[in-house]
Amino acid sequence: FRHLRVPFSETFSFLMSESDEEWDPKVSEGDNSEGSENGDASDAPDLFKWLSKEVRELVPGRVPVLATPPTALEFSRDFVSTNRPCVIRGAFDHWPARSRWSLDYLSAVLGDTQISVNVTPTGLGDALCVTTGWEVKYAGQANGKTPNQVKHVGDAEKLAVPREGFAVPREGFAVPREVFAVPEERRMRFREFAKMLRNAWVFANAPIPCAASTPEIPYVSHQNDSFTNEFSEKLGVDLGGNDGLDGLGGLRFANDAFGHTPDAVNFWVGAEHATTSFHRDHYENVYCVLSGSKTFTLLPPCDAWRMKPRKAPRARFEYRADASTTADGTTADGTTADGTVTKASIAIDAPVTEISWPSATPESLAQDGGPPPIVVTVRAGETLYLPAMWFHHVSQARCPDTKEPAMAVNFWHDMTFDDRFAAAKFLEQAHARWGGSDS
């Protein structure tokens, strides 16, 4: 298929902004080929690594940037049908939100509107978490005041760790080394979230703490059509414009290419420490950044073997008022106790439910023998098309000039479940069963 590489690149050449570095299809950013062809599959000691490298020779090593929105035909032909991500400029310049949205504006418009906020002490929700150093309990135990909270596996090797389906463990069960931790979900007024977000910025340049002094890092990241359900009544008008679509209608070229309007519209607002671990979605993702920036670390579906999933009990971060204050009204770490001081713990679901989740990080990918990931930073005014089934890790940053938090709206279009879906699932299960050369 290598004869397809040059025509594929020519497809983008006239779309590139003059300010972008010219994209050379023969040079893949961070190419891992070590100066030689990938070779024939029959000679490969590890077919999974061979496939990943072969795909990199066919897929651009960087994400193309389109200076103007494509037509539905161009978008469908050059990206959707070829399963390639791209960044598009100017796709939503007509939205009033482009000039209006700031934390102050949203606070004024939304005010006392109740919203869903995910809160974590580390900024990392829906991810594997090592339990060492944390107060751990099982759901149903009062404040973790049982021997289970201190009996970590490393300290009590003879104690059994509860497995799938176990009810609230009896005394004598150990705490697992690792859990799949989800955020604490809170309902609050938007103005309370804005205040909480500003307080969280103090931790942005500090090391991620453990349980000893637990910050509250908030992230508006509730999915399942969150913009439609919680924000559209007051903010929907800010996403309208001269294309005839309202705030829930999506982008016209994408709608025409996919053949339908979005199945869900989600809203994202967060600070630097709020990150998203590697995962994939069964949706075609059209992701519009309105403030700050988002950095996506991407891997194509064939790289499922690099995710290194591990099973762990599902758990949740929980906060409670910290009563361990001194006579002068401060906590042990010196924080003023004004009634809002909290401490986080980890509560494991009971009955125990095991979740399989990627353990890979952007750093671990440099050690697994596969090609470098594709990294793209999407800035305010830009739209990322992220094809369904692509693995992605997401970090974010405030606007360097205005210091506004990262804000984004994304449209989920249901994917077409075709042979690509079946092939991705096959590769994932094939590696789980038979592994590669390093398994």
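Colleagues, the structure is a predicted model, in which local features need pLDDT of at least 70 and side-chain atom pairs count only at pLDDT 80 or more, while totals for chains, interfaces and linings use all residues. Residues are numbered from 1 along each chain as its sequence is written, and side-chain values use heavy atoms, with hydrogens and water left out.

I begin with the chain as a whole. The chain has 439 residues, of which 53% are buried; buried means under 20% relative accessible area, exposed over 50%, and partly exposed in between, with a 1.4 Å probe and protein chains only. The accessible surface is about 20400 Å², and carbon and sulfur atoms contribute 51% of that area, as computed by the Shrake-Rupley method with a 1.4 Å probe. Among contacts with a separation of 6 or more, 81% join residues 24 or more positions apart, where contact means heavy atoms within 4.5 Å.

I turn now to a sheet. Five strands form an open sheet with mixed pairing, in the order β4-β11-β19-β13-β17; two strands pair if DSSP finds at least two bridges between them. At the edges are β4 (124-125) and β17 (374-379), each pairing on one side only. Within the sheet, β11 (residues 275-279) and β19 (residues 391-397) are antiparallel partners over two bridges, and H279 is opposite H392 in β19.

Next, the helices. At what angle do α5 and α7 pack? Helix α5 (residues 103-110) meets helix α7 (residues 226-235) at about 90°, and the axes are 10 Å apart. Axes are lines fitted to C-alpha atoms over the stretch in contact, with angles from 0 to 180 degrees between N-to-C directions. The two helices are therefore roughly perpendicular, a term covering 65 to 115 degrees. On the α5 side, Y105, L106, V109 and L110 make the contacts, and on the α7 side F231, K234 and L235.

Finally, some individual residues. G369 is in the loop between β16 (354-358) and β17 and is partly exposed, at 34% relative accessible area. Its C-alpha atom is 9.9 Å from that of K53, although 316 residues separate G369 and K53 along the chain. C129 is buried at 13%, as is C302 at 11%. A search of the whole structure finds zero disulfides, that is, pairs of cysteine sulfur atoms within 2.5 Å.

Definitions and conventions: Helix = DSSP H or I, 4+ residues; strand = E, 2+ residues; numbered from the N terminus. Parallel < 35°, antiparallel > 145°, perpendicular 65-115°, else oblique.
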